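Trainee: I would like to go through this structure term by term. Please set each value against its definition.

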Amino acid sequence: MEAFTIDLRKADEAEIEEGKRCAELCFKINHTMPTSAEYHELVRELFAGQIGEGSRIMSPVTVVRAKNVHIGRNVVIMNNALFMAAGDITIEDDVRVAANAQLISNNHDLYDRDILTCKPVVLKRNCWIGAGASILPGVTVGENAVVGAGAVVTKDVEPNTVVGGNPARLIKRF
């Protein structure tokens, strides 16, 4: 998907309602017993059914524009994850996302804060995002890659590599 922009001043009623829907469902999820059937149903509703079998999301969670998030099978997302999904977020099968990670597919324009600049974030199969890492707009994390704790990822991560730091840099190939 190519980069695109969204003018927040021109939000239509459907976009406003989607924002309310996400905020309310996140609140409910974050205040429901995480092992309950109700919890799992709320998570499925939040992601509009776009969450694969065997995937788990731990609360608390914050998701903006959840309909733009696609989660594969057997994905584990730990506590306090943030999804800013205006530019789309795709998480393939068997991905692990540690606590306090941020997946951010949009940002505000440097000159006009009411304009969102959007680029997709893609987490390829079996990658691992470390605690507190931030994945920024337009980044693809390759298959089997590891992003170290606290890393700020501004560029694509090659498959079968370990990156870390701010900005994230190659640490190891395997």
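Mentor: What follows is a set of questions and answers on the terms used for this structure.

Mentor: This is a predicted model, so local features need pLDDT of at least 70 and side-chain atom pairs count only at pLDDT 80 or more, while totals for chains, interfaces and linings use all residues. Residues are numbered from 1 along each chain as its sequence is written, and side-chain values use heavy atoms, with hydrogens and water left out.

Trainee: What makes up the protein in terms of helices and strands?

Mentor: Two helices and 19 strands. Helices (H or I, at least four residues) and strands (E, at least two) are DSSP runs, numbered from the N terminus.

Trainee: Why is the protein called as compact as a globular protein of its length?

Mentor: Its radius of gyration is 16 Å, close to the 16 Å that the globule rule gives for 174 residues, so the description holds. The radius is taken over C-alpha atoms, and the rule is 2.2 Å times the number of residues to the power 0.38. Along the principal axes, the C-alpha trace spans about 45 × 45 × 25 Å.

Trainee: How many of the 174 residues count as buried?

Mentor: The share is 42%. Buried means under 20% relative accessible area, exposed over 50%, partly exposed in between (1.4 Å probe, protein chains only).

Trainee: How do you know that the span of helix H1 agrees with its number of residues?

Mentor: H1 covers residues 13–30, which is 18 residues. The expected span is 1.5 Å times one less than the number of residues. That gives 26 Å, and the end C-alpha atoms are 26 Å apart, so the two agree.

Trainee: Which residues of H1 are buried, and what makes them one face?

Mentor: Glu18, Arg21, Cys22, Leu25, Cys26 and Ile29 are buried. Seen down the axis of H1, the buried residues fall within an arc of 125 degrees, so they line one face. The arc is that of the directions from the helix axis to the C-beta atoms. An α-helix has 3.6 residues a turn, so residues three or four places apart point the same way.

Trainee: What do the buried residues of H1 pack against?

Mentor: Helix H2 (37–46) and strand S3 (61–64). Contact means heavy atoms within 4.5 Å. The face turned away from the buried side carries the exposed residues Glu13 and Phe27.

Trainee: What makes S2 and S19 edge strands?

Mentor: First, the sheet: seven strands form an open sheet in the order S2-S5-S8-S13-S16-S18-S19, with mixed pairing. S2 (56–57) and S19 (169–173) each have a single partner strand, so one side of each is left without a neighbour in the sheet.

Trainee: Why are S18 and S19 called paired?

Mentor: Two strands pair if DSSP finds at least two bridges between them. Glycine 164 has arginine 169 in S19 as its bridge partner.

Trainee: Why is alanine 48 called partly exposed?

Mentor: Its relative accessibility is 42%, so alanine 48 counts as partly exposed. Alanine 48 lies in the loop between H2 and S2. Its phi is positive, about 50 degrees, although it is not a glycine.
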